[in-house]
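Hi everyone, thanks for coming along. Let me walk you through the structure I've brought today.

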Amino acid sequence: MSGVKLQGVDKAAVTKTRGPKPEEKKNKRRLKEKKSKRKVENGHLKKKKKGGANVNFILPPKDSQQFSSNWKALQELLNQKKETENQEAESTRAQQISKKKTKKPKKHPKELAVKDQGSGESQDHRGKQIIDCPLPSTSKLNGDAVPTPQEKRNKEKRKKELVPKETNEKGCKKRKIEMSTEIKLREEDIWFDDVDPDDIEAAIGADAAEIVRKKLGIKKSEPQTVDSVLVKDCAFEGLTKTVAMDCEMVGVGEDGEESIVARVSLVNQYGKCIYDKYVKPTERVTDYRTAVSGIRPQDIKNGEDVKVIQKEVSDILRGRILVGHAVHNDLKILFIDHPRKKIRDTQKYKPFKQRLKCSRPSLRHLCEKILNVKVQQGEHSSVQDAQAAMRLYTLVKKQWEAEIKSKYKTKDAVQNEDKGKPKAGTNQNKFHPDGL
C-alpha cells in the first residue's frame with residue numbers, strides 16, 4: 001500500500017485535509033496572548049460559563065494609581081458599615097430607655113378601671129388596661145433637651161401614687177401588731193386566786209397584776225433598797241440575844257501585809273447598829289486599803305484606844321450569840337475569845353455552801369443568790385456587812401439552831417456516858433480498906 005501512488009489528486013486539497021501548519025498555530029497563540037494582556041491591563045477578565053454567559057472578575061491592582069483608588073473605595077465602605085452599626089445601637093438604646101421611663105407601678109386588677117370603647121386605650125383578654133405610651137424624642141435620648149412641664153407633672157403623679165401605697169401597707173401591718181398586743185384583760189378573765197401578783201406580772205403582764213392587786217387590796221410594791229432588805233423598820237434598837245459583828249482593817253509594816261483593826265461595828269437581831277467606832281492605830285499605817293476598807297487617815301486619826309474597844313466589845317458579846325462572816329478573823333484581830341457554841345459563821349454553814357457549790361462562799365455572792373441584794377459594790381462598810389450576815393442568819397435561824405441543839409445534845413450525852421463508865425485498867429478495890 002505504501003508503494004501505491006495516487007493519481008488525479010491535487011496537492012492543495014491534501015494539505016487542507018491535513019490541517020493548518022505549525023507556524024500558523026504559533027501565530028494564533030501569539031494573537032490570543034496579546035488580547036489577554038490588553039484585557040488584564042484594563043482590569044477586566046472575562047470567563048465563559050458552560051451556559052454561554054460571560055462573567056467579569058476584578059483582578060488585584062498592579063499600578064500605584066489603581067492601588068490608591070481601590071483602597072479609598074474600601075475605606076469608604078468600611079466607614080459606611082460603622083455608621084450603620086452605630087445608628088442601630090443608638091436606636092436599641094433609645095428603645096430601652098423609653099421602656100424604662102414609660103414603666104408605671106403595678107396596680108391591683110381591681111383598681112384598674114375599664115374605660116369605654118370610644119377611648120383610644122384597649123384592654124387585654126384578662127380585662128386589664130393596656131396603655132399606649134409615646135416614645136421619647138431623639139433630643140431627649142441624646143440628653144440635650146430639658147424635660148417638658150407635662151413630663152415633670154407625670155413624674156410627680158407617679159411618685160404620689162407610689163408613696164401612699166407603701167405607707168398604707170406599713171400602717172396596716174403596724175395596726176395589726178398593735179391590735180394583737182393591746183388586747184386588754186378584764187376582771188372576769190382572771191379567775192385564779194392565791195397567786196402572788198408579782199408572779200402574775202412576770203407571766204402575763206402588768207394589767208393582770210393590777211387587777212389581782214385590786215381584788216386582794218394590795219398596793220404595788222416599790223423596788224427594794226439594800227437598807228429595806230437588811231434592816232427591819234420600826235424595830236427595837238437596843239441589845240438583843242443575838243448580835244452580828246464585822247471589822248475593817250488597814251495594813252502596817254514595810255509592804256502593808258500585816259493588818260491591824262481600824263473600825264468595829266455591831267448590829268442587833270433586827271439590823272439596827274448598836275456599836276460603831278474607829279480605832280486609833282498603834283503602829284504607822286503603810287496601806288489604808290481605802291478601795292476595800294473605806295478607811296481614810298482622817299477617820300482613824302482621832303480614833304478610840306484599842307484596849308477600850310476590846311473591853312467594850314467583850315462586854316457586849318458576853319453570854320450572847322455572835323453572828324458574822326468569817327468571824328474568826330474579827331475575833332483574832334481584836335484578841336478576843338468567844339465560846340464556839342455561841343458562834344454562827346455564815347461562811348461555814350453547810351446549806352449555804354451547798355447552794356452556792358463553794359467551800360468558802362463570799363458574803364457578796366451569798367447576798368446576791370439568797371437575798372437578791374448587791375453589797376460590797378465599792379468601798380466596804382462594816383455596818384452593812386454585819387447587817388447582811390445577820391439577815392442571812394435570821395432567814396435560816398430555826399433550822400440552824402435546831403441543828404446546833406441536836407449536835408450538842410449528842411455530845412453532852414456521850415460525855416456523860418464517858419464520865420459514868422470506869423476507865424480501862426483501873427481497880428476499884430485498890431484503895432478499899434477491905435482489900436488491905
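**A short tour**

Let's begin at Phe-236, which sits in the loop between α8 and β5. Before I go further, please keep in mind that this is a predicted model.

Next, the inside. How many residues does the largest nonpolar core have? It has 28, and Leu-230, Val-323, Phe-352, Leu-371 and Leu-392 are those with the most contacts inside it. Two or more residues each come from α8 (226-230), β9 (321-324), α13 (350-356), α14 (363-371), α15 (382-395) and α16 (397-420). Of these, α15 gives the largest share, with seven residues.

Now out to the surface, and to charge. Lys-25, Lys-26, Lys-28, Arg-29, Arg-30, Lys-32 and Lys-34 come together as a positive patch. One of them, Arg-30, belongs to helix α2, which covers residues 22-42. With a relative accessibility of 52%, Arg-30 counts as exposed.

Where does Asp-255 sit? You'll find it in the loop that links β5 (242-252) and β6 (258-267). Asp-255 has a relative accessible area of 61%, so it is exposed.

That's my tour, and I'm happy to take questions.

Terms used: Residues numbered from 1 in each chain as written. Predicted model: local features only at pLDDT ≥ 70, side-chain atom pairs only at ≥ 80, totals over all residues. Heavy atoms only, no water. Helix = DSSP H or I, 4+ residues; strand = E, 2+ residues; numbered from the N terminus. Buried < 20%, exposed > 50% of the residue type's maximum accessible area, 1.4 Å probe, protein only. Core = buried A, V, L, I, M, F, W, Y, C linked by side-chain atoms within 4.5 Å. Patch = residues over 30% accessible without salt bridge, like charges linked within 9 Å, V, L, I, M, F, W, Y side chains within 5 Å. Areas by Shrake-Rupley, 256 points an atom, 1.4 Å probe, with all protein chains shown as cover. Salt bridge = Lys/Arg side-chain N within 4 Å of Asp/Glu carboxyl O. Lys, Arg positive; Asp, Glu negative; His and termini not counted. Charge placed at Lys NZ, Arg CZ, Asp CG, Glu CD.
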